Amino acid sequence: QVQLVESGGGLVQAGGSLRLSCAASGIIRTINSMGWYRQAPGKQRELVAVVTTGGSTNYADSVKGRFTISRDNAKNTVYLQMNGLKPEDTAVYFCNTKVTFTLGAKGDYWGQGAQVTVSS
């Protein structure tokens with residue numbers, strides 16, 4: 001099993017910044033990727049940003065240039081620095097990790113979610 005513990009989030013005015021973090025724990029051979037998704041009320045969950053073990057990143061077009069994803073491999077932790085926040089960024093943000101276990105099995109895990117609310 002893998003546990004993901006998220007922190008950060010909260011209420012901020014438009015134009016402000018927030019930082020999310022997510023730490024993974026468990027008996028894991030390899031963390032293949034860590035990323036952030038978000039889900040606004042009445043909408044489907046969508047990718048925000050993801051980073052692979054090798055450091056490759058991918059961002060949703062809507063957050064490019066404003067959000068930065070980073071990863072501390074030694075701590076199995078991923079961060080999402082969110083600058084220039086807009087009201088449309090309001091959502092519950094979920095951490096996700098895709099892992100390979102010691103015997104080769106793979107897993108896909110989600111954090112509990114962190115509310116981000118941006119006021120106009």
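User: What should I know about the model and the numbering?
Analyst: In this predicted model, local features need pLDDT of at least 70 and side-chain atom pairs count only at pLDDT 80 or more, while totals for chains, interfaces and linings use all residues. Residues are numbered from 1 along each chain as its sequence is written, and side-chain values use heavy atoms, with hydrogens and water left out.

User: Why is the contact of Arg 38 and Asp 89 called a salt bridge?
Analyst: A salt bridge is a side-chain nitrogen of Lys or Arg within 4 Å of a carboxyl oxygen of Asp or Glu. The N to O distance for Arg 38 and Asp 89 is 3.0 Å, so the pair qualifies. The structure holds five salt bridges.

User: What parts does the pair of Arg 38 and Asp 89 tie together?
Analyst: Arg 38 lies in strand E4 (residues 30–39), and Asp 89 in the loop between strand E8 (77–82) and strand E9 (91–100), so parts 51 residues apart in sequence are tied together. Strands (E, at least two residues) are DSSP runs, numbered from the N terminus.

User: Is Asp 89 buried or exposed?
Analyst: Buried means under 20% relative accessible area, exposed over 50%, partly exposed in between (1.4 Å probe, protein chains only). Asp 89 has 1%, so Asp 89 is buried. Arg 38, with 5%, is also buried.

User: Why is Asp 61 called exposed?
Analyst: Its relative accessibility is 64%, which is over 50%, so Asp 61 counts as exposed. Asp 61 meets Lys 64 in a salt bridge (3.1 Å, N to O).

Conventions. Helices (H or I, at least four residues) and strands (E, at least two) are DSSP runs, numbered from the N terminus.
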